[in-house]
Structure formats: structure tokens, C-alpha cells
Amino acid sequence: MKPFSYARPATPAEAVQAFTAAGAGARYIAGGTTLYDLMKLDIERPRHLIDVTAIQGMDAIETSGDRLRFGALATMSAVAVDPVVARDYPVLAEALWKAASQQLRNMATVGGNLLQRTRCLYFRNGSGNPSSVGAFPCNKRAPGSGCAAIGGLDRGQAVLGQSDACTAVSPGDWPVALTAMDAEVEVVGPAGVRTVPVAALYRLPGDTPHLEFTLAPGEMIVGITVPKTAAGHRSTYHKIRDRESYAFAIASAAVALDMDGDRVSRAHVALGGVATRPWRAPEAERLLVGKRLTPTVALDAGHAAFAQANAGRQNGYKVELGARTVADALTIAAGRTV
Amino acid sequence: MASDDPFLDTGLTRRATLQASAALVALPLAGATATEVGAALPAKPSGQAFDLHTTINGRPMAVEIDTRTSLLDLLRERLALTGAKKGCDHGQCGACTVHVDGQRVASCLTLAAKIDGRRVTTIEGLSDGQTLHPMQQAFIDHDALQCGYCTPGQIMAAVACVAEGNATSRERIREYMSGNICRCGAYVGIVQAIEDAAAKMERKA
């Protein structure tokens with residue numbers, strides 16, 4: 001690991017100032033569960049770490065207004081057990097509760113989690129001489145070096161949103177739930193303050209898979225807001241893993257339903273574990289409107305969500321698994337009483 | 001048997017050597033002796049230095065660290081607190097679990113600089129003198145280990161699991177202990193030990 005300077009500013013403005021002053025190689029760090037991990041693998045090589053966790057009050061959880069607001073420094077464990085979130089927005093609580101171990105949930109922040117990087121095996125097997133590509137080529141880690149996952153061991157790779165340059169899965173659960181619920185992030189940076197829909201925070205890999213987020217250099221997430229909706233009551237985050245607990249999703253679905261009697265009036269559907277970014281599924285949402293949620297309709301919606309899917313050599317199972325995960329999630333959510 | 005390991009040749013254990021070298025260069029604050037806390041190794045940080053002030057197992061201390069140091073490496077390599085184990089060093093196995101301000105964390109993924117001004121509890125700080133913590137005793141009573149490598153992490157995670165209120169059923173214990181891997185497969189005993197200790201800890205509280 002390369003040596004780095006370490007600063008702990010007291011306000012967001014000081015943090016941005018420190019970032020700008022540090023110049024090349026500056027990175028913000030919060031819980032550090034992704035960044036420090038990747039530094040140990042020699043994939044991230046910051047020269048200046050700006051630790052934002054000393055900023056007071058940026059961990060507040062506010063549920064009384066017309067939007068839920070989570071300070072970026074609130075831990076995943078704290079938001080997961082917030083009584084209003086747990087009662088009225090199970091999709092949010094479950095996405096956090098099913099992500100990571102309690103040890104990591106106590107460290108990781110809800111802001112930092114949005115910027116978690118992929119678990120693609122080829123991306124992570126990158127350590128080597130800093131000037132070299134590493135053990136495997138990876139366009140995300142070493143732009144232009146190629147992609148070893150395409151035509152390689154691709155059981156875990158994406159079936160939606162991939163390009164000729166990259167098939168790495170967006171690893172998060174929380175960003176998928178926030179995408180389904182139309183959440184926004186509040187961002188502070190050298191150019192001031194702005195609000196970005198969570199769905200607009202992520203790029204498709206295209207031919208620049210090393211550019212994953214739409215944040216400008218020096219911008220940091222300071223808060224997350226979610227519009228309040230009755231659909232939160234009929235919601236769930238359904239996550240399918242290789243083992244029962246503490247694993248990344250091989251397919252997941254965040255769903256929330258507005259019902260008019262026994263018919264769906266509006267559906268929120270987003271997918272995880274299968275796509276190169278948190279993946280909203282408007283085809284599935286449209287199909288559900290006005291329908292009674294029978295098992296057939298639920299599975300039709302699942303298949304609609306994957307209509308554009310393309311599998312590689314070993315990940316074809318994700319298409320049907322993903323569709324059934326959506327169907328199961330819809331059935332679970334519809335069965336929840338308001 | 002010929003060995004490249006200097007500790008084998010001298011008959012010293014690695015732990016004894018670490019503790020001895022730690023004691024020689026201790027920088028404890030008031031109220032603690034060098035041998036009680038262990039402390040900094042003589043090596044100056046080769047990268048950027050950070051002046052860390054923290055409290056470990058109830059004892060305040062100051063130590064200069066390299067900013068790259070993990071809490072786990074600080075505990076094991078500088079302070080001779082070798083209870084927390086380095087299994088994966090990537091937050092995946094739980095063997096390094098300690099408490100920071102009462103919350104369980106993976107010490108391998110915690111920058112040591114982040115514990116500045118905070119309180120750390122390790123397995124070495126859990127017992128009350130010679131009286132084991134109820135969770136430690138329960139692990140013995142229920143044979144909740146085989147090789148023992150994961151055990152300090154299991155016990156620290158388990159104590160937190162009970163304190164969080166997450167030890168209310170076997171299913172919930174299994175879910176909230178899923179960040180601690182036991183390669184020997186002692187899970188049945190671990191869950192039993194936590195159920196047993198949870199009842200005793202709640203009676204005590």
C-alpha cells in the first residue's frame with residue numbers, strides 16, 4: 001500500500017476544501033469497508049485520505065417530514081433498525097439488513113455504500129506492479145487492458161447493461177432499494193450543492209467502465225432523501241444468494257406496490273445482482289398496472305424485467321432466476337398488510 | 001528439526017517476543033504500566049505518521065502510527081494483543097472482530113487512525129480479572145470451538161449480538177453471527193453457547 005496523508009475535517013465545506021487542496025490522488029473515506037479493502041489489494045491507490053466521519057450531525061436520521069432523510073454518515077445498522085424505516089419501508093430496512101455482516105453494517109455508512117465498487121473477480125484480482133495491468137486484464141481497473149470476464153468465468157457477471165468492455169455487476173443492495181423508491185442524494189462539491197436522483201448517480205459501463213459514478217471530482221454525498229409513499233408498506237427487498245446469509249446477491253429485487261382494492265395501481269421494481277448498475281425495470285412496472293397480482297401476472301412481470309437480458313457462457317441461469325426473484329418479491333409485497 | 005523460524009530455535013514464543021519488545025518501548029499514559037498495556041514497537045512509521053490517542057481495554061494510550069496501519073495490525077503487531085486474529089484481512093471472516101465504542105467491527109478494515117479518541121475492547125479486555133465473561137464460559141461449556149482460531153472473534157461478535165438484542169432465537173443468532181466463519185464447523189455449539197450466555201447476561205443486567 002502506498003503511503004498517504006490523513007486529514008479529518010470538521011465540516012463538509014472543510015472536507016471539500018481539503019480535497020481540492022490535496023490535489024491528485026485525494027479520496028474521501030467514511031466507513032472504509034470498500035476503499036481500505038481495495039487499497040489492500042493495490043487497486044485503489046489514494047495519496048491523500050480525507051476522513052469525513054468527524055463531521056458532526058451528518059449521521060442524522062429524520063423521518064418526520066414529507067421525505068425520509070438519512071445523513072450520509074448514518075451507519076447501515078442504524079438506518080436498518082430505525083423504527084419508522086423498519087415499519088413503513090421494509091424494502092429499505094431489508095436491503096440494509098441483508099447487506100454485509102453486522103460488523104460491516106456498523107462501520108459502513110449509507111452514503112458510502114452508494115459508491116461501493118464491483119466484486120467482479122477479475123477486477124479484484126488485480127494486484128501487481130502498479131504500472132502493470134495486474135493478474136488479469138480489466139478495463140475498469142486498468143482502462144484499455146481488456147476484460148477477462150468476457151469469455152472467462154462469468155457465472156457472476158451481469159446479464160443487463162453490460163458492454164463489450166465490461167460485464168461487472170453493481171454489487172449493492174441499498175442502491176437498488178433506493179432506485180426503486182425514487183430516492184435522491186444531496187451532494188456538496190467545489191461547485192456548490194446539488195441534488196441527484198440515485199438512479200442518475202450510476203453510469204453504464206459503455207466503453208469507459210472505469211467511470212462508474214456521475215459525481216464530479218471533489219463532490220461528496222452528504223444526505224439521501226426518499227419521498228414518503230404508502231407503497232412503502234407493501235414492499236420488500238428479496239435477495240437470492242449462494243448461501244443463506246452474508247453474501248452478495250446473485251439476483252435480487254426491490255419492489256413496492258400501490259394497490260387499488262386488489263389491483264395494482266402503481267409498481268416500483270428494481271433489480272440487483274444482475275446488472276451493471278442498479279436497474280429500474282419500467283417494463284415490469286407498466287405490465288403490473290391495473291392487474292390483479294396473480295402468480296402468472298407476477299411471473300410475467302419478472303420476465304418483462306429481463307426481456308432485454310443477454311447472458312454469457314455461465315450466467316444464463318440469472319435470467320430465469322432473476323425473473324422468479326421479481327415474481328416472488330411481488331407476491332411477498334402484495335401479501336403485506338397496510 | 002532444522003527451521004528457518006528464529007522463535008523455534010531460541011525456544012521463545014512469538015507472543016513472548018512481541019510482548020518483550022513492546023514493553024521495552026512502551027509509551028503508556030498515566031495509570032498504566034508498560035507491561036500492562038504493551039505499546040509501540042521502536043520502528044518509526046515508514047510512511048506518513050499519525051499521533052493516535054485512544055483507549056484500549058480501559059487503558060488510555062498514545063502511539064505514533066503509520067497512517068496505513070489497520071486496527072488489527074496495531075493490536076497484534078504493536079500492542080501484543082494477539083487475541084484478535086487475521087483470517088482473511090478483508091472483512092469476510094470475522095476473526096478480527098473487536099468492539100469500538102461498544103459496537104462490533106472488523107478491525108482489519110478499520111484504519112487505526114479512526115479509533116483516535118474512541119474506546120476499543122478486545123478479547124483480552126473481556127474477562128473480569130480471572131473470572132471469565134459469561135460468553136467465554138459458555139463457549140467452554142458447550143464445546144463451541146475446535147481449533148480455536150475464530151473463537152476470539154466469535155466471542156466478541158456474540159457479546160455484541162446479545163447486547164444488540166439480536167440473540168432472541170436460534171434463527172436470529174445464526175443470521176446475526178453470519179459474519180463469523182468457523183472452518184471447523186462448530187456452529188451448533190456456538191449457537192448453543194450464545195443462547196446460554198444470553199440468558200445469563202440478561203439476568204446480570
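**Note on the interfaces and strands of chains A and B**

1. The side chains of A:Arg8 and B:Asp116 form a salt bridge, with N and O 2.8 Å apart; the term is used here for a side-chain nitrogen of Lys or Arg within 4 Å of a carboxyl oxygen of Asp or Glu. Between chain B and chain A the count is three salt bridges.

2. This is a predicted model, in which local features need pLDDT of at least 70 and side-chain atom pairs count only at pLDDT 80 or more, whereas totals for chains, interfaces and linings use all residues. Residues are numbered from 1 along each chain as its sequence is written, chains are lettered from A and ligands numbered from 1 in the order in which they are written, and side-chain values use heavy atoms, with hydrogens and water left out.

3. At the interface between the chains, 33 residues of chain B are in contact with 32 residues of chain A, contact meaning heavy atoms within 4.5 Å. The buried area is about 2,700 Å², of which carbon and sulfur atoms give 52%; buried area is the accessible area (1.4 Å probe) that two parts lose on being put together, summed over both. On the chain B side, B:Arg68, B:Leu109 and B:Lys114 supply 25% of the area buried against chain A, more than any other three residues.

4. Across the interface of chain B and chain A there are 18 residue pairs in polar contact, both residues at pLDDT 80 or more. A polar contact is a pair of N or O atoms within 3.5 Å; within protein, one must be able to donate a hydrogen and the other to accept it, and residues adjacent in sequence count only if both atoms are side-chain atoms. β4 (103-106) and α7 (170-176) of chain B each supply at least two residues of the side that touches chain A, and β4(B) gives the most, with four residues. Helices (H or I, at least four residues) and strands (E, at least two) are DSSP runs, numbered from the N terminus.

5. Within chain B, the domain assignment gives domain 1 (9-124) and domain 2 (134-204), the bounds coming from an automatic or database assignment. In contact are 14 residues of domain 1 of chain B and 16 residues of domain 2 of chain B, and the two domains bury about 1,200 Å² between them, 57% of it on carbon and sulfur atoms. In domain 1 of chain B, B:His99, B:Arg104 and B:Ile123 lose the most area to domain 2 of chain B, together 48% of what that side buries.

6. The count between these two domains of chain B is one salt bridge. The side chains of B:Glu164 and B:Arg104 also meet in a salt bridge (2.8 Å, N to O). Seven residue pairs are in polar contact across the interface of domain 1 of chain B and domain 2 of chain B, both residues at pLDDT 80 or more.

7. In chain A, five strands form an open antiparallel sheet in the order β4-β5-β8-β6-β7, two strands being paired if DSSP finds at least two bridges between them. Strand β6 (residues 184-189) of chain A is joined to β7(A) by six bridges, and A:Val187 has A:Arg194 as its bridge partner in β7(A).

8. In chain B, eight bridges join the antiparallel strands β1 (residues 49-56) and β2 (residues 59-66), and B:Leu52 has B:Val63 as its bridge partner in β2(B). β1(B) and β2(B) form a hairpin with two residues between them, and B:Asn57 in the turn has a positive phi of about 50 degrees.
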